[in-house]
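Trainee: Please take me through this structure by question and answer.

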Amino acid sequence: MYNTSSCHSVFGYAPLVLIVCVKGNNDATASVIWQRRIHFATTAYSPKEVSVNSTINYPYNLRHLIKILNNVIPSKIYPTLTIEPGETKIIIECSLLYKHFTDPYYFTDGRLTSSVSPREAFGFYLLSNLPHMEEAYFQSVIIFTPKVGLFSETPPK
């Protein structure tokens with residue numbers, strides 16, 4: 001599901017992953033310590049390449065269920081997030097990015113993704129509407145507390 005050149009994909013869509021490290025504050029709030037957005041949409045053209053962004057700005061933050069916030073109640077970062085003061089949690093969100101409504105993206109056969117409905121691209125012909133945020137489809141989120149020493153508060157490079 002990687003792109004073969006800039007904005008060209010065999011399926012018209014590409015994987016999108018967001019990894020977020022959150023720490024509980026002493027005042028019952030939480031803060032995102034670091035985040036990484038991993039994708040294949042524009043600059044990775046083989047299975048061994050991947051793009052990693054350390055900053056998520058508009059409009060990219062609109063695609064994610066996880067919100068990059070500091071000093072807020074945990075549920076503002078993600079609705080089911082609960083965290084104790086001093087506790088660290090990792091949140092991972094996976095989805096498929098299908099740019100049907102904006103920028104020109106293409107299938108490798110030259111068709112514009114805007115000319116193919118998401119339900120046709122994903123092969124869900126019996127569904128009238130696929131749930132999504134912006135251009136992210138099939139979003140799935142997992143939250144876990146890592147064992148001590150497995151994750152660092154220092155952002156990965």
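**A chain read through its loops and strands**

Mentor: R63 sits in the loop that links β5 (51-53) to α1 (74-77). Helices (H or I, at least four residues) and strands (E, at least two) are DSSP runs numbered from the N terminus. This is a predicted model, in which local features need pLDDT of at least 70, side-chain atom pairs count only at pLDDT 80 or more, and totals for chains, interfaces and linings use all residues. Residues are numbered from 1 along each chain as its sequence is written, and side-chain values use heavy atoms, with hydrogens and water left out.

Trainee: Is R63 buried or exposed?

Mentor: Buried means under 20% relative accessible area, exposed means over 50%, and partly exposed lies in between (1.4 Å probe, protein chains only). R63 has a relative accessible area of 4%, so R63 is buried.

Trainee: With which side chain does the side chain of R63 make a polar contact?

Mentor: A contact means heavy atoms within 4.5 Å. Leaving aside neighbours within four places in sequence, the contacts of R63 include L16, R37, E93 and E135. A polar contact is a pair of N or O atoms within 3.5 Å; within protein, one must be able to donate a hydrogen and the other to accept it, and residues adjacent in sequence count only if both atoms are side-chain atoms. At 2.9 Å, the side-chain partner of R63 is E135.

Trainee: How many bridges join β6 to β9?

Mentor: Two strands pair if DSSP finds at least two bridges between them. β6 (residues 88-98) has nine of its eleven residues buried. β3 and β6 run antiparallel and are joined by eleven bridges, with L18 partnered by E93 of β6. β6 also pairs in the antiparallel sense with β9 (residues 136-144), where I90 stands opposite F144, and the number of bridges is seven.

Trainee: What is the phi of N71?

Mentor: Most residues other than glycine have a negative phi. N71 is found in the loop between β5 and α1, and N71 is exposed because its relative accessible area is 55%. N71 is not a glycine, yet its phi is positive, at about 55°.

Trainee: Where does F138 lie?

Mentor: F138 also has a positive phi of about 55° although it is not a glycine. F138 counts as partly exposed because its relative accessibility is 40%. The element that holds F138 is strand β9.
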